[in-house]
Amino acid sequence: QLQLVESGGGLVQAGDSLRLSCAASGRTLSRYAMGWFRQAPGKEREFVAAISWSGGSTNYADSVKGRFTISRDNAKNTVYLQMNSLKPEDTAVYYCAADARASSRYVGRRLYEYDYWGQGTQVTVSS
């Protein structure tokens with residue numbers, strides 16, 4: 001069973017940066033496409049970024065494009081989300097997720113495409 005644990009969240013000011021990590025255990029991540037999603041209070045969980053298991057394809061929500069970067073280190077069984085130029089509207093609980101069925105270059109944007117989820121890490125951006 002794959003288990004995912006997010007870390008790196010916190011309270012920052014607008015314009016600051018954070019790097020989230022998603023560490024996997026139980027199985028190797030090398031054949032899973034990985035995604036980051038977020039959920040703000042009172043809102044639905046939404047797609048943020050995703051990376052194929054080969055690492056060759058990435059996809060971003062328009063709201064974070066140019067500010068966030070997703071990457072993976074399969075040797076460390078870890079996926080990262082580098083978040084720069086943070087805005088108050090980025091405040092949310094951030095979740096990583098793994099897609100066990102994706103082909104090598106596929107990156108999904110839909111929640112139902114992901115089979116495993118972490119517990120989330122809180123990111124709060126003050127103005």
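Of the 127 residues of the chain, 47% are buried, where buried means under 20% relative accessible area, exposed over 50% and partly exposed in between, with a 1.4 Å probe and protein chains only. The model is predicted: local features need pLDDT of at least 70, side-chain atom pairs count only at pLDDT 80 or more, and totals for chains, interfaces and linings use all residues. Residues are numbered from 1 along each chain as its sequence is written, and side-chain values use heavy atoms, with hydrogens and water left out.

**Fold and dimensions**

- The chain has 11 strands and 0 helices; both are DSSP runs numbered from the N terminus, with helices being H or I of at least four residues and strands E of at least two.
- In sequence order the pattern is β-β-β-β-β-β-β-β-β-β-β.
- The radius of gyration is 13 Å, which agrees with the value near 14 Å that a compact globule of 127 residues would have; it is taken over C-alpha atoms, and the globule rule is 2.2 Å times the number of residues to the power 0.38.
- Along the principal axes, the C-alpha atoms fill a box of roughly 40 × 25 × 25 Å.

**Contacts, surface and charge**

- Among contacts in the chain with a separation of 6 or more, 61% are between residues 24 or more positions apart; a contact means heavy atoms within 4.5 Å.
- The mean positions of the 15 positive and 11 negative charges lie 5 Å apart. Lys and Arg count as positive and Asp and Glu as negative, without His and the chain ends.

**Aromatic pairs**

- There are 5 aromatic pairs, counted when ring centres of Phe, Tyr or Trp (its six-membered ring) lie within 6.5 Å; planes under 30 degrees apart are stacked, over 60 edge-to-face and the rest tilted.
- Tyr 32 and Tyr 116 form an edge-to-face pair, because their ring centres are 6.1 Å apart and their planes are at 75 degrees.
- Tyr 32 is in the loop between β3 (18–25) and β4 (33–39), and Tyr 116 is in strand β10 (residues 116–117), 84 residues apart. Both Tyr 32 and Tyr 116 are buried.
- Phe 37 and Phe 47 are also edge-to-face, since their ring centres are 5.7 Å apart with planes at 75 degrees.
- This pair ties together parts 10 residues apart in sequence, because Phe 37 lies in strand β4 and Phe 47 in strand β5 (residues 46–51).
- Phe 37 is buried at a relative accessible area of 0%, and Phe 47 is buried at 10%.
- A cluster of Phe 37, Phe 47, Tyr 114 and Trp 117 is linked by ring pairs.

Terms used: Charge placed at Lys NZ, Arg CZ, Asp CG, Glu CD.
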